[in-house]
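Let's take a walk through a protein model together.

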Amino acid sequence: MSQQSPLSAASGSDLTLGESKNLIGGARSCEAESWKRQIVGARWWRDAVMFAIGAVVASACLVYSGAGSVQAEDKSGLALPSPCQQASDDKLLPPPQGHVVARPGIVDPPGKVMAATPTASWGPAAGGQAPAMKGGGSASSSSSYAFVQLAHDLPHDPPSQVWKALAMARALQRVSRYPLVLLTNFTLFINGTKLATRLQRLNVQVFPIHEIRAPSQARSKLEHAERIAYWKLQVWRLTQFKKLILLDTDTILARSIDWLFELQPVWGQRDSHDCSAPLAVGGEDRGRLNTGLLLIEPNEQTYHNLQQYAHTMALDWWKRGHEALIQDYFKYVVHTPVKLLDPSDATFGMCLGRTEGLPYEEKGPWKMPAFVHKSSLKNECFYLDRQAQLQEVDGKRVNVCHYHPLGTWWRSLFCSAVNITEIHDPIAADFCDDSTWYSKS
């Protein structure tokens, strides 16, 4: 017996989301938007016609907005947003003040696939001679797989999310064949150095990040962090890639997870703070999704469908945020539930040593997951704040990350990335100074 979607349940009908959408046309602006999507589906037409189409659609949206309170509805009168309304909710974000300058315009969806420049032998940022640090090699220009991270910082804050992304970029360069796509509102360092130019050395492609506004009735209920996390929906718009693995910036890899690209999306991290996988009931996995890691297949229509489903407020998805939205949509609308990774492959830092490990000859330290989300509840060891790492333990002041199995690993990746990119920053230089980091003060 097939499950009824919350959308159809809310409307009192058996309509699927797609069937409901077929009934909510009506506005000419929506027809223009549909016409635009059909044309840009042929990639070789996009660059030639995008500007003209954008002007037509913009005009149509103006006509639509001035024509009165016309709004699409399904059979039950359930109001759904128009494509023009959704498009207006996607805003290009301002850069952090004092760190970046005005950014150029972009084409959305972003441009054609370009593998980042393969890593060469780059010298150290300051002094001495360091051996060349060769990466795992960059993907070919025809690669259709990539990893993606979102790094957004508030205008008056330092680029902390970009700093975190450096360690993952270096990890991927060492253990993966595929590039990292970084969506960010940070483009220039204060000395004028272009972020994208330096990150090419780490096989990273930089694109602008957009604000994706949740429905107003949900937005008022979401915490600030969850409103930012909602922006993850935009990764479905990176349609120049066949598959993407979304990674949070407070994560790190201990070994390759390229094998995930061979799986059929959607797969994600299990949100299990007890470090176990709950038993399946009736063959169904009852675990919850955590989007610290998420394997997806980009699709423009999926992006719009997720947005429309969000407006239904079905199953009070906002109580658990975007993760419940994604998990419920694929389960009840697409009828293809999100599959969850075993904690031995992807888990939280608090679970290190508590998951199933490699069945090697003797018991020992063979339990390191490939992917770790947050070093601990406070995440002290996956960032360059040395003062946060210095703690009083049993009356002694120690750097707790000296004792963490991935503390030194994360730092070595971060400092290697700073070295390769030749980014000059006093905070990073202090953190990467061995005599400082290994001291007790």
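**A bridge, a helix and what surrounds them**

Cys 415 and Cys 432 are joined in a disulfide, with their sulfur atoms 2.1 Å apart. Keep in mind that what you're looking at is a predicted model. This bridge links distant parts of the chain: Cys 415 sits in helix H13, Cys 432 sits in the loop between H14 and H15, and the two are 17 residues apart. Which hand does the link have? The torsion about the S-S bond of Cys 415 and Cys 432 is about -95°, so the disulfide is left-handed.

Now check how hidden each end is. Cys 415 has a relative accessible area of 16%, and because buried means under 20%, Cys 415 counts as buried. Cys 432, at 22%, is partly exposed.

Let's stay with H13, the helix that holds Cys 415. Its 15 residues should span 21 Å at 1.5 Å a residue, and the end C-alpha atoms are 22 Å apart, which agrees. How many of the 15 residues of H13 are buried? Twelve are, so the helix is largely enclosed by the rest of the structure. Among them are Gly 407, Trp 410, Arg 411, Phe 414 and Asn 419. And what does the covering? The elements over the buried residues of H13 include H6, helix H7 (195-199), strand S9 (251-253), helix H14 (426-431) and helix H15 (434-437).

Helix H6 (residues 160-175) packs against H13 (residues 407-421) at an angle of about 90°, and their axes are 8 Å apart. That makes H6 roughly perpendicular to H13. On the H6 side, the contact includes Trp 163, Leu 166, Ala 167 and Arg 170, while H13 brings residues including Trp 409, Trp 410, Leu 413 and Phe 414. Sort the contact residues by class and you get eleven nonpolar, two polar and three charged. While you're tracing these residues, a helix rule is handy: an α-helix has 3.6 residues a turn, so residues three or four places apart point the same way.

Back to the disulfides: how many does the structure hold? It has three. Another one joins Cys 381 and Cys 401, with sulfur atoms 2.0 Å apart. Its torsion about the S-S bond is about -100°, so this disulfide is left-handed. Cys 381 lies in the loop between S14 and helix H12 (386-389), and Cys 401 lies in the loop between strand S16 (396-399) and H13, so the pair ties together parts that are 20 residues apart in sequence. Both of these cysteines are buried.

Then there's the bridge from Cys 275 to Cys 351, with an S to S distance of 2.0 Å. It is left-handed, with -80° about the S-S bond. Cys 275 is in the loop between strand S10 (267-270) and strand S11 (289-296), and Cys 351 is in the loop between strand S13 (346-348) and strand S14 (371-373), so this pair ties together parts 76 residues apart in sequence. Cys 275 is buried at 7% relative accessible area, and Cys 351 is buried at 0%.

For a last stop, find Ile 245 in strand S8 (residues 243-247). Is Ile 245 buried or exposed? Its relative accessible area is 0%, so it's buried. Setting aside neighbours within four places in sequence, its contacts include Phe 147, Val 148, Ile 257, Phe 261 and Leu 294.

Terms used. Residues numbered from 1 in each chain as written. Predicted model: local features only at pLDDT ≥ 70, side-chain atom pairs only at ≥ 80, totals over all residues. Heavy atoms only, no water. Axes fitted to C-alpha atoms, helices over the stretch in contact; angles between N-to-C directions. Helix = DSSP H or I, 4+ residues; strand = E, 2+ residues; numbered from the N terminus. Parallel < 35°, antiparallel > 145°, perpendicular 65-115°, else oblique. Contact = heavy atoms within 4.5 Å. Nonpolar A, V, L, I, M, F, W, Y, C, P; charged D, E, K, R; others polar. Buried < 20%, exposed > 50% of the residue type's maximum accessible area, 1.4 Å probe, protein only. Expected span 1.5 Å × (residues − 1). Disulfide = S-S within 2.5 Å.
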